Amino acid sequence: MVKWLALAALILTAGALRVEAQSEIVRLCPPTGIQTIGRGYPPGGIILTQFDRTAIWVYNVETGSRYPLPDTVPCGRGCRLSPDGRWLAYFNPRLNAYSRMRVDGTGRELLSTSAADIVWWSDGSLFIWTPAHNALLRRPDGSERPIDVHSVVSVQPNGLLGVRVRSSNGSFTREIVDLDTGRTVVALGADRAYFNAHAWSPDGSQLAFVSPIAQNPNSSIIGSEIFLYRPRGIPQPVTNLNATYGAVRINGLSVGELSWSPDGSRIAFWVTEMLSADPTGNLGQAIIHVLDLNTGAVTAYCGYGTHEHTPNPPRLIWSPDGHHLAFGGIMPDDAASGYHLLALDIETGIFTSLSRGVAVVFGAPNVVAWGTTGR
């Protein structure tokens, strides 16, 4: 532990680190292949995705039915699922404003007519980003508090810490900033494209972030690992993928794509082996991995891989029960059938095709959310 803490402290000044401790990686590769069961998939609930380029679509996991939602537009990463999994913040083109609705499209309510993005800060509060990149924290009673978010790229749920990016001499670094005082809390090291994914846990108690790692002091190849920051703590490495694979890339160009399970105990992400120093070329397949923060174990799900990983692999969306992941992808042996809505059972490692026809919007066949209709 002392060795890992010392290594984590180096991230304050180093652009690329070397990790020596070994993490356990378990390969889960069932011989069953990809299943094609559609209706009645165990987790149930509602998956939101796009089956065309005009609207958000509902896919009912229990019945296998699907339908488009009126007064919606494809939203990519601009739609936000509420912490309880029941509501979606989305842009309503008819009102030209952000609204919310239940994941089945009912119960619509206006949220803001002057928002560029809306994030669920807690169950009853909203964090509203304005077109001018200012921010307001709106409480359940309707009161609003302005927040200074200059150079801030993400904000802690249930708290007032943020991830801020700074530029110095042509390079960029990341840091945790106190949004009340504007003071730096802790540095997070270099901010490099393809090595800088990050995400707060659902309750805001932890920040997972990717950092560039030197595979070998004598080599120019840089890989990446996941670090964990807890408020008032020190960033600590929680993976050592390079020891198993050599240099790897975690996810892609979009910075907010580390995917936390609803209970905050696991993180899902794509790992792509780098065969050269270029993070955009000469790469292997991207494979889904899940880190269990309770045990430290990493599971590699080798029943499915994709070469469609640059600039970004598909988004990974957790089911409400935290036991399944949904994403859009091509069947390895049937590319002519287009993109499928796929689901992974993380306990068995079995992939299942739930539906065909996921549309490529904003450059990828992404799933938006997996929620529940429970009241």
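Colleague: How many disulfides does the structure hold?
Modeller: The structure holds 2 disulfides, where a disulfide is a pair of cysteine sulfur atoms within 2.5 Å. This is a predicted model, in which local features need pLDDT of at least 70 and side-chain atom pairs count only at pLDDT 80 or more, while totals for chains, interfaces and linings use all residues. Residues are numbered from 1 along each chain as its sequence is written, and side-chain values use heavy atoms, with hydrogens and water left out.

Colleague: Which cysteine is joined to Cys 29?
Modeller: Cys 29 is joined to Cys 302, with an S to S distance of 1.6 Å. Cys 29 lies in the loop between β1 (25-28) and β2 (46-49), and Cys 302 lies in strand β25 (residues 298-306), so the pair ties together parts that are 273 residues apart in sequence. Strands here are DSSP runs (E, at least two residues), numbered from the N terminus.

Colleague: And what is the torsion about that S-S bond of Cys 29 and Cys 302?
Modeller: The torsion is about -55°, so the disulfide of Cys 29 and Cys 302 is left-handed.

Colleague: What about Cys 75 and Cys 79?
Modeller: Cys 75 and Cys 79 form a disulfide with their sulfur atoms 2.0 Å apart, and both of these cysteines are buried. The torsion about their S-S bond is about -125°, so this disulfide is left-handed. With the bonded cysteines of the protein chain numbered in sequence order, the pairing is 1-4, 2-3.

Colleague: Back to the loop between β1 and β2, where Tyr 41 is found. What does Tyr 41 touch?
Modeller: Leaving aside residues up to four places away in sequence, Tyr 41 touches Val 61, His 324, Ala 343, Leu 344, Asp 345, Thr 352, Leu 354 and Trp 370, where contact means heavy atoms within 4.5 Å. Tyr 41 counts as buried, at 8% relative accessibility. From C-alpha to C-alpha, Tyr 41 and Glu 62 are 6.1 Å apart in space, and they are 21 residues apart in sequence.

Colleague: New topic, the rings: how many aromatic pairs are there?
Modeller: The structure holds 8 aromatic pairs. Rings of Phe, Tyr and Trp (its six-membered ring) pair if their centres lie within 6.5 Å, and planes under 30 degrees apart count as stacked, over 60 as edge-to-face and the rest as tilted. One of the pairs is Tyr 304 with Phe 351, whose ring centres are 5.7 Å apart and whose planes are at 40°, so the pair is tilted. This pair links distant parts of the chain, with Tyr 304 in strand β25 and Phe 351 in strand β29 (residues 351-356), 47 residues apart.

Colleague: Buried or exposed, those two?
Modeller: Tyr 304 is buried, with a relative accessible area of 3%, and Phe 351 is buried, with a relative accessible area of 2%. Ring pairs also link Trp 270, Tyr 304, Phe 327 and Phe 351 into a cluster.

Colleague: Which ring face does Arg 66 lie over?
Modeller: Arg 66 lies over the face of Phe 51, at 3.9 Å from the ring centre, and Arg 100 lies over the face of Trp 87, at 3.6 Å from the ring centre. A charge sits over a ring if NZ of Lys or CZ of Arg is within 6 Å of the ring centre and within 35 degrees of the ring normal.

Conventions. Helix = DSSP H or I, 4+ residues; strand = E, 2+ residues; numbered from the N terminus. Buried < 20%, exposed > 50% of the residue type's maximum accessible area, 1.4 Å probe, protein only.
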